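Subject: Structure for you to look over

Dear colleague,

I am passing on a structure that I would like you to look through, and my notes on what was found follow directly after it. Please read them with the coordinates open beside you.

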Amino acid sequence: RVRALLAHHERRLEQVRNIISNHPGLTGYEIASNMTWKIRCNSWEDFPVTQKWFAVGECLSHLDRLLTLGEIHAAQSDGLRRYYV
């Protein structure tokens, strides 16, 4: 189970890296909206608010990890935290 969780975490980190590389300057909310999620919704707009809350929280934890590793950086712009490679 631990190996499966570590593999999942690595896939998520890679996905977040790719999103930021392809779309620099997104917020955590915007990055989360571009991630893939196992939920039966046609789009991010269809996500229930509580699911968005959890999704953004998970995304922010991956962003914090990438920041700690020095793989990405963040900057404040217009009162929002934006992420860059």
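Predicted model: local features only at pLDDT ≥ 70, side-chain atom pairs only at ≥ 80, totals over all residues.

Residues are numbered from 1 along each chain as its sequence is written, and side-chain values use heavy atoms, with hydrogens and water left out.

The hairpin

Strand E1 covers residues 73-77 and strand E2 residues 80-84; the two run antiparallel and are joined by five bridges. Two residues lie between E1 and E2 in the hairpin. Asp78, which is placed in the loop between these strands, has a positive phi of about 55° although it is not a glycine. Asp78 is exposed, with a relative accessible area of 74%, where exposed means over 50%, buried under 20% and partly exposed in between, computed with a 1.4 Å probe on protein chains only.

The nonpolar core

The largest nonpolar core has 18 residues, and those with the most contacts inside it are Val16, Ile20, Ile31, Trp44 and Leu63. Such a core is a set of buried Ala, Val, Leu, Ile, Met, Phe, Trp, Tyr and Cys residues joined through side-chain atoms within 4.5 Å. Helix H1 (2-22), helix H2 (28-34) and helix H3 (49-69) each supply at least two residues of this core, and H3 gives the most to it, with five residues. In general, nonpolar side chains in soluble globular proteins tend to be buried together.

With a contact taken as heavy atoms within 4.5 Å, and not counting residues up to four places away in sequence, Ile31 touches Val16, Ile19, Ile20, Leu26, Cys59, Leu63 and Tyr83. Leu66, which lies in helix H3, is buried with a relative accessible area of 0%. Again not counting residues up to four places away in sequence, Leu66 touches Leu13, Val16, Arg17, Glu71 and Ile72. The C-alpha atoms of Leu66 and Val85 are separated by 9.6 Å, the two residues being 19 residues apart along the chain.

The loop between H1 and H2

Which residues does Gly25 touch, not counting residues up to four places away in sequence? They are Glu30, Arg82, Tyr83 and Tyr84. Gly25 is placed in the loop between H1 and H2 and counts as buried, at 11% relative accessibility. Thr27 lies in the loop between H1 and H2, is buried with a relative accessible area of 11%, and touches Leu80, Arg81, Arg82 and Tyr83, not counting residues up to four places away in sequence. Gly25 and Gly79 are 54 residues apart in sequence and 13 Å apart in space, C-alpha to C-alpha.

Asn22, in helix H1, counts as exposed at 57% relative accessibility. Glu10 lies in helix H1 and counts as partly exposed, at 45% relative accessibility.

The largest pocket has a volume of about 240 Å³ and is lined by His8, Arg11, Arg12, Gln15, Thr36, Trp37 and Lys38. A pocket here is an open set of points on a 1 Å grid over the protein atoms alone, where a 1.4 Å probe fits, with protein on both sides within 12 Å along at least five of seven lines, and lining residues have an atom within 4 Å of a point. The volume is the space filled by probe spheres set on the points, which are joined across faces, edges and corners. The lining divides into one nonpolar, three polar and three charged residues, with Asp, Glu, Lys and Arg counted as charged, Ala, Val, Leu, Ile, Met, Phe, Trp, Tyr, Cys and Pro as nonpolar, and the others, Gly among them, as polar.

With best wishes

Note on methods: Helix = DSSP H or I, 4+ residues; strand = E, 2+ residues; numbered from the N terminus. Pairing = 2+ DSSP bridges.
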